[in-house]
Amino acid sequence: MTLSRVASHDSAPSQASVKKSLQGDSDVEAVQVFVSQQIEAEQGYEIKFRSCSWQKTAALLFSEYICLAITSFPWSYSVLGLVPGIIVTIAVAASVQYTSLVLWRFCMKHPEARDVCDIGQILFGGSKWAYNFTAVMFILNNTFIQAFHCLVGAKYLNTVSDGALCTVVFSVITAVLCFFVTLPRTLSQLSGLGAFSAVTMGLAVLLAIIFSGVQSHPYGYTGEAPIVTVIPIKGTTFVSGMSAFLNISYTFIGQITLPSFIGEMKNPRDFPKALWAVTICEIVVFTLCGAIMYHFVGNQYITAPAFGSLVEPYKTIAFSFAVPTIVYLGALYSSVSARFIFFRIFPGTHVHRHTNTLVGWSVWTGIIAATWVFAFIIAEVIPFFSDMLSLMSSLFDCWFGFIYWGFAYLLLHPGQSRWAGPWRSAETILNYGIILFGFYVLVAGTYVSIQSIIDDYATSGSVFTCVSNGV
């Protein structure tokens, strides 16, 4: 078995002990021994990382997936049509659930992997190049998500204030607020806020659904009744259809953070409990939001985010419940990035990683600040809600939603073992298909996203603008 970067967590057992304890195919007990050694090694330190229960992990997952991107589903359904939209939603959810379980099995086989970068190195034969490539994509993915939250934060502030300040200023305010929320050092410390964020975002979505039916007409109503189609309308382009698919995919795909979550669990065997709970809720909430709001708003009046399809005061009320998610979820991704970089700066230093030193906190704070500066710049360069979702999905979800986990499956079942019987063979073919589909998303999705950004700049938009982007 290939092992990598056990020293990425200084309280971990030695590499030799890991190799000894993880020999053979039945590794469940050995994994728990490995984790117990990590927990024991952290005793006596002020900052402990192996501290998440499965309930806290579920809270982190809920806060990651019950997010602002849900409000793009009505727009996606308006492009794809109601029936294809629902089918795509269920198919993507099933794909993500399956690949997430493969990821978990891989983490159980390789408990020394602390994040997706360690996994990337293991997947490709211990290659340092693979580790560095994964690290770059990992940091970029998280920073783009932070940028998305800067963008939406500015949208909210512009909406409720009627454009009282320059949009750039509102984006800065959002970034600064998120910076302070990112400061806690462990994911366990963020889990309580994550649960609150998931609840309030769920209420925001629920209110948006209710208000879309209660209001007398959608925002921007021209007298024409909302048009709802079962299938895509005639003339739907590949660019718009692929963008709608990418918006749906982005909302479901979040495997990039799962190794970090599993890496801080006290009992990683319980991870599937959290995963199943979240997936079931996702399918229900995402489908209901997309279908019901699309039914009431129709093709002509739908916006992304869907809060823009509501009239006042419904728009402000529903959008305001999304504020904790705007702040928290950006902070979560910044924290995951900062954690990764911080551990590389202090690869074997107990003092700065596990105690409250001036050097440790200064470096931690500086990393967080840098991520938010870059996020702010990206938000100003790509100021379009749906386009940013599509670009993130095509550039990063292709790897961390499909390709990596297809390769993880192949590594879990090497050689002839992957063709042992009809069911195993069918699963192997499925995973080869997942890899190929990931590369298709990378090529076609990136083309579509860039073309859509070009089109939007041609009609409306500029960088670092003071023009209100409120909905």
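A cavity is a set of grid points where a 1.4 Å probe fits but cannot get out. This model is predicted, and it holds four cavities of 30 Å³ or more. The largest cavity has a volume of about 130 Å³. The largest pocket has about 660 Å³ of space.

**The largest cavity**
- The lining has 15 residues, and those closest to the centre are Ile 145, Tyr 250, Ile 253, Gly 254 and Tyr 333.
- Several helices give two or more residues to this lining: helix 3 (54-65), helix 7 (128-161), helix 10 (238-252), helix 14 (323-345) and helix 17 (385-412).
- Helix 7 gives the most, with three residues.
- Sorted by class, the cavity lining has nine nonpolar, four polar and two charged residues.

**The largest pocket**
- Here 37 residues form the lining, and Lys 155, Pro 383, Phe 384, Phe 385 and Ser 460 lie nearest the centre.
- At least two lining residues come from each of helix 4 (73-80), helix 7, helix 8 (167-182), helix 10, helix 16 (358-381), helix 17 and helix 18.
- The pocket lining has 15 nonpolar, 18 polar and four charged residues.

**Helix 18**
- Helix 18 covers residues 422-459, which is 38 residues.
- At 1.5 Å a residue, helix 18 should span 56 Å.

Terms used: Residues are numbered from 1 along each chain as its sequence is written. This is a predicted model: local features need pLDDT of at least 70, side-chain atom pairs count only at pLDDT 80 or more; totals for chains, interfaces and linings use all residues. Side-chain values use heavy atoms; hydrogens and water are left out. On a 1 Å grid over the protein atoms alone, a cavity is a set of points where a 1.4 Å probe fits but cannot get out, and a pocket is an open set with protein on both sides within 12 Å along at least five of seven lines; lining residues have an atom within 4 Å of a point. Grid points are joined across faces, edges and corners, and a volume is the space filled by probe spheres set on the points. Helices (H or I, at least four residues) and strands (E, at least two) are DSSP runs, numbered from the N terminus. Ala, Val, Leu, Ile, Met, Phe, Trp, Tyr, Cys and Pro count as nonpolar, Asp, Glu, Lys and Arg as charged, and the others, Gly among them, as polar. The expected span of a helix is 1.5 Å times one less than its number of residues.
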